[in-house]
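Subject: Structure for your review

Dear colleague,

Please find the structure below, followed by a summary of what was found in it. I would be grateful if you could read the two side by side.

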Amino acid sequence: MRTIALLGSTGSIGRSTLRVVEAHAGAFRVVALAAGRNVERLAVQVERHRPSLVAVADREAAARLRARVSAPVKVVEGAEGLIEAATHPEADTVVCALVGALGVRPTWAAVAAGRRVALANKEALVVAGAQLVQLAAESGAVLLPVDSEHNALHQCLRGEPKEAVRRLWLTASGGPFRDCPLEALAGVTPEEALRHPTWSMGPKITVDSATLMNKGLEVIEAHWLFGLRAECIRVVVHPQSVVHSMVEFVDGAFKAHLGATDMAHPIQYALTWPERWPAALESFDPVAVGRLEFCEPDPERFPCLALGYEALARGGAAPAVLNAANEVAVAAFLEGRIRFTEIPRLIRQALDVLGDAPGGEVDALLEADARARRCVGEWIASRVGR
C-alpha cells in the first residue's frame, strides 16, 4: 500500500488526486491532508479518508474544522503545519498541489526527507529549481511532475538517453483569448479569462493560461526537471489540448503524448510510477478529435512567454521575481483592480527593477520573492489610486 500526504487537498488537483485514490480502493492510504480555509470541503475529505494529520491556514480555520469532524485527527496550522504534513513519517509520497510560492518550503521539506514528490506546484521549481534538484540528488528524493506537459515529457523520455534528445516541445492551448483582437485584450474581464476552452483548473493557473505565463513558468520548470538549455525547449500553441507535449530526438524522430484533458491521468501516473495501473478514467479517442493544429505563439499577444525565457536566462533571483510579480498581478486582475494587459507590464517592471538580485539559498530567494510582492503591490496601489 502506498501512503500519501496531500498538500492542497481542496483545490482542483487535490480533488482529482483523491478521485484517483478512491478509484483504487485499498491501494492507497491518505495519512495527511493540508488545505487553506475551505473547511467545509476539507471536513468531508477528513471524514472520508481519515488521515491522522490535517494542516490548515490558521487558528480560526483549525477551530472550525475541529467543530465539524468526528474523526480522530491532529489539526495543525500555518507554515509549520504545512511542513509537518509534508514530512509526515508515514507518508512515502507527497503530492504538492499548493498554489504559488506557498509551496516552496513544504516541497523543500519533503525533498529533504527523501520522499517521492508528485509535484503540481511548478512555482517551487521556478523559485528554487537548482537548489531542489541538488537536494533531491543528496536525499534520494524522486521528483515526479504532475503538470500535464511535464508529466507527458517524463513519459516520452522513459528509456531514452539524454544525449539522444534534441528538443522538448511544450504545448499550449492558447487560452480563451488566442483569437481575440489585440485591441480588445485591455477590456477583457476576469470572468472571460476564467472560461478556459479545454481544461478545468483553478483561477490562478487559468489566468496564467490566458496570458501564457504558465508556459513561461513551465519552460523554467522543464529546464530543471530535464536538464536541457532554454534554447532546446520550445512552446507551440495547440488549441485541441490533445498532444500534451512532445520530445524531438537527434535523428529527427518525435515522441508525443496524447490523452484526454483530465488531470487524473498525470496524477495517477505520478502516484503509481514506475508501474502503470488500469484505471476507469476518460480515454482518448483520436477519431473523435479529428484534426490537430499547431502554430507559433504570437509574441505581441503573449508577452509573458518571453518574460519567462528572460528570467531563466538571467538566473539568480529573476525567476523568483517573475513568479512573485505574476502572482500579485494576477490576484489584482481577478479582484478587478488592474486590466488584463497590465499583468505583463507589471512583471516587466519587476524584472527591470529587481531582476538582477543574486540567487543563493532558499531564504535569499524567498526574500527576493517577498520584495517583489511588496513592490508590485505598491505599484498597483499607486495606479488604482490615480
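Which residues of α11 are buried? In this helix they are Ala264, Pro266, Ile267, Gln268, Tyr269, Ala270, Leu271 and Thr272, where buried means under 20% relative accessible area, exposed over 50%, and partly exposed in between (1.4 Å probe, protein chains only). Because 8 of the 9 residues of α11 (residues 264-272) are buried, the helix is largely enclosed by the rest of the structure. Helices (H or I, at least four residues) and strands (E, at least two) are DSSP runs, numbered from the N terminus.

The model is predicted: local features need pLDDT of at least 70 and side-chain atom pairs count only at pLDDT 80 or more, whereas totals for chains, interfaces and linings use all residues. Residues are numbered from 1 along each chain as its sequence is written, and side-chain values use heavy atoms, with hydrogens and water left out.

Strand β1 (residues 2-7) is mostly covered, with 6 of its 6 residues buried. Arg2, Ile4 and Leu6 point one way from β1, while Thr3, Ala5 and Leu7 point the other way. In a regular strand the side chains alternate between the two faces of the sheet. β1 pairs with two strands, pairing being assigned if DSSP finds at least two bridges between the strands. With β2 (residues 28-34) the sense is parallel, over 6 bridges, and Ile4 stands opposite Val30 in β2. With β5 (residues 93-96) the sense is also parallel, over 4 bridges, and Leu6 stands opposite Val95 in β5.

A separate topic is the open sheet of 4 strands, in the order β9-β8-β10-β11 with mixed pairing. β9 (233-237) and β11 stand at the edges with a single partner strand each, so one side of each is left without a neighbour in the sheet. Strands β8 (residues 165-172) and β10 (residues 243-249) run antiparallel and are joined by 5 bridges; Arg167 has Glu248 in β10 as its bridge partner.

Leu258 lies in β11 (residues 254-258) and is partly exposed, with a relative accessible area of 36%.

Yours sincerely
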